[in-house]
Amino acid sequence: PALPIMVLAAVAIRLESKGPVFFRQKRHGYNDRTITVLKFRSMYADQADPEARRVVTRNDARVTRVGRFLRRSSIDELPQLFNVLRGDLSLVGPRPHAVDAVSSQQERFTRIVEGYSARHRLPPGITGWAQINGWRGEINDPAKLHSRFEHDLHYIENWSIWLDLKILLRTPVSLFETTSAY
């Protein structure tokens, strides 16, 4: 079912703006290993930010119209299924953050949360406990990162196949909550 959606997304990206369909970014993987995550490009190609130096914010002029829809609906994440097949990601786990990730106030995640790398004790996933509980999107307040981190640790400490199934089943419903996805 993902393939037709991916084809439509790729065509829409190509029709709207010049540049590659896919976007690659270095992220933290299992045990802090650096992985390259694949996403659909949601920004104008000349304004893409593979080093994540500037966080995407609400009404960010770098994001295309198609990109806004892809990001809000999380369709931009579908190419990460190829990362799962490669073994870099799991379907479920703590979301992989960009290497040297920063908040919208330009503060490094590692400075906001003590022990931040503890969230890398399991392979990262396309979806996770934090995401289905509303902790996705921009980090414009340190409390948001702390909450995301606490949810990731809860997942790590309570991992089970049943928890993964629960997360997978709740993920589609959680995608309708788009207030912080832009």
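**Notebook: charged side chains**

I began with Arg 65, which is exposed, with a relative accessible area of 67%; I count a residue as exposed when this area is over 50%, as buried when it is under 20% and as partly exposed in between (1.4 Å probe, protein chains only). The model I am reading is predicted, and in it local features need pLDDT of at least 70, side-chain atom pairs count only at pLDDT 80 or more, and totals for chains, interfaces and linings use all residues. Residues are numbered from 1 along each chain as its sequence is written, and side-chain values use heavy atoms, with hydrogens and water left out.

I then looked for the partner of Arg 65 and found a salt bridge with Glu 16, in which the closest N and O atoms are 3.3 Å apart; a salt bridge here is a side-chain nitrogen of Lys or Arg within 4 Å of a carboxyl oxygen of Asp or Glu. This pair links distant parts of the chain, with Arg 65 in helix α2 and Glu 16 in helix α1 (residues 2–16), 49 residues apart; helices (H or I, at least four residues) and strands (E, at least two) are DSSP runs, numbered from the N terminus. Glu 16 is partly exposed, at 22% relative accessible area.

Next I turned to Arg 33 and Asp 88, whose side chains meet in a salt bridge (3.7 Å, N to O). Arg 33 lies in the loop between β1 (22–28) and β2, and Asp 88 in the loop between α3 (80–86) and β3 (90–92), so the pair ties together parts that are 55 residues apart in sequence. Arg 33 is partly exposed at 41% relative accessibility, whereas Asp 88, at 13%, counts as buried.

I also noted a network of salt bridges that links Lys 39, Asp 76, Glu 77 and Arg 95, and the total number of salt bridges comes to 12.

What does Arg 41 have around its side chain, given that it is buried yet has no salt bridge? Arg 41 sits in the loop between β2 (34–40) and α2 (65–73), and the nearest side chain of opposite charge, Glu 16, is 7.0 Å away (Lys and Arg count as positive, Asp and Glu as negative; His and the chain ends are not counted). I found that the side chain of Arg 41 makes a polar contact with the side chain of Ser 17 at 3.0 Å; such a contact is a pair of N or O atoms within 3.5 Å, where within protein one must be able to donate a hydrogen and the other to accept it, and residues adjacent in sequence count only if both atoms are side-chain atoms. The backbone oxygen of Lys 18 lies 3.4 Å from a polar atom of the Arg 41 side chain.
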